[in-house]
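Biologist: I'd like to learn how to read a few features in this model. Can we start with how elements touch and pack?

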Amino acid sequence: MEKTKLSEHPLSPWPWQINISNVSFDLAEMSKQLKKLSLGCYLVNHNNKGLGISQKASVMDPHDFDKHTALNEEPVSTHNTYLSVSAFSPALGTQSLGDRHFRRVHGVKYAYYAGSMANGISSEELVIALGKAGILCSFGAGGLVKERVEQAIRNIQAALPNGPYAFNLLHSPSEPAMEKASVGLFLKYKVRTVEASAFLGLTPQIVHYRAAGLSQTPDGQICIENKVIAKVSRVEVARHFMQPAPVNLLQDLVNQGLITKQQMLLAQKVPMADDITAEADSGGHTDNRPLVTLLPTLLALRDSIQAEFQYSNPLRVGAGGGIGTPSAALAAFNMGAAYIVTGSINQACVEAGASEHTRALLSTTEMADVTMAPAADMFEMGVKLQVVKRGTFFPMRANKLYDIYSRYDSIEAIPSDEREKLETQIFRRSLDEVWQGTVDFFKERDPKVLERARSQPKRKMALIFRWYLGLSSRWSNIGEAGREMDYQIWAGPALGAFNQWAKGSYLDDYQSRHAVDIAKHLLYGAAYLNRINHITAQGINLPVALRRWRPTKRMI
């Protein structure tokens, strides 16, 4: 029989051969082997049996290779029943996704973290559950009083003494005392990772946290103990975090005795953040940026700044916002994301600090069921955040409040009929009662806020309206009876995409959603789709049933 040289083989781009006894042609068995991501897989095209797969192969010897077998016809002999390889996929596990330095620096298993959701929606339970699985999660400290944040630090550190965990530092332009108090707690309890979000620029508080954790080893290396992950959606804000801290802010901190002169010098040699999260169309605070434009822009900016400053530990840029399916996760990694961040999808999990009513509603939310509404913490600036619009009147009522705030200069200037509607339909109490409750709240939280409001009627009106905006998210978290139509529920379109992907599976039931399980499905699903893409790029037309990652069983 004439022998076929390997170079002449029309169906053999790879130098391997597979014993037909090791090949699976059954669809279910092929699916199992494709999902064994820690092993490489070899695909063959048999003329009679069709597509097959094996995870065992041997190097092909052209001199012993039968022509008929090489063409993948029925073998003429049982002594040398080998088939040639038509496509090959190496081991492509979760470790192949993202930046290994992210995993090393943060002490985690995956290039993934669960972003913070304010008011404790990213709860201690959520942080601890993910942390025990080797996954980073940021506690939602934004909007919580100092005592509540301190309690969370103690609880999380007791459960995760060696991490990983992070705490959110939410920029509060109208309440700088809250931001300062949070940094004080983080330094006191040695919280080594913070997620800085909603920042419009650098503040003394975030610079203080960063610089206070700097030191130098005997061999001259800079040790960065206080790590910062900055969530940004604007180039100008990203640039602030990618560059070293401003000298003027550092000097002020030195003058106040908050950092040393050496720390000031070291802070001028390192970036303000270790990681920059490109926050695209997310829930809560967002600029609704498309990830496909935001991420490449920030990656290019990172490269430019790295070339300028030559940091010994280059910045990493990750992706968040819109990531709710394995396909979206893989797309972010393929665009160059060092890691991915999820948010909205975690709010429906059993560990989240949201009420039963809210989690049930979130599990049925579709991509078009979200809209923008005024943010409580930046109400006067006209900043908006993304919330659920189905099943609640909050977006409509919150926008109504901002419209009135824009048209009138004080509470007294509001027409009586308009004021009556506010008191009966939105606040359900008189505005005088609301103001008294606001006074009681800020007496403990930040008395300076009240001083400014008493001399500025417009400011007083803003605080009264913020009473509703602030409590509406709390009502959602605790399940306030009778206020369901006022629940403020933060979510982005990623949640709708997740719900559609999970439909018909066990994850369709919100009571079966666990954060660790979901994280692993996204990551393993992304790695699986990476394998599928690798195979199809070699010209293999896989059956539709093999092209998707479906959540058929728990991964915890």
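Modeller: Contact means heavy atoms within 4.5 Å, and helices (H or I, at least four residues) and strands (E, at least two) are DSSP runs, numbered from the N terminus. This is a predicted model, where local features need pLDDT of at least 70, side-chain atom pairs count only at pLDDT 80 or more, and totals for chains, interfaces and linings use all residues. Residues are numbered from 1 along each chain as its sequence is written, and side-chain values use heavy atoms, leaving out hydrogens and water.

Biologist: Which residues in α5 meet α6?

Modeller: K146, V149, E150 and I153 in α5 meet A181, L185, F186 and K188 in α6.

Biologist: And how do I describe the packing of α5 and α6?

Modeller: Two packed helices are described by the angle between their axes and the distance between the axes. Here α5 (residues 146-159) and α6 (residues 176-188) pack at about 25°, with axes 10 Å apart. Axes are lines fitted to C-alpha atoms, for helices over the stretch in contact, and angles run from 0 to 180 degrees between N-to-C directions. So α5 and α6 are roughly parallel (under 35 degrees; over 145 is roughly antiparallel, 65 to 115 roughly perpendicular, the rest oblique).

Biologist: Is strand β10 enclosed or open?

Modeller: In a regular strand the side chains alternate between the two faces of the sheet. Five of the five residues of β10 (residues 193-197) are buried, so β10 is largely enclosed by the rest of the structure. Buried means under 20% relative accessible area, exposed over 50%, partly exposed in between (1.4 Å probe, protein chains only). T193, E195 and S197 lie on one side, V194 and A196 on the other.
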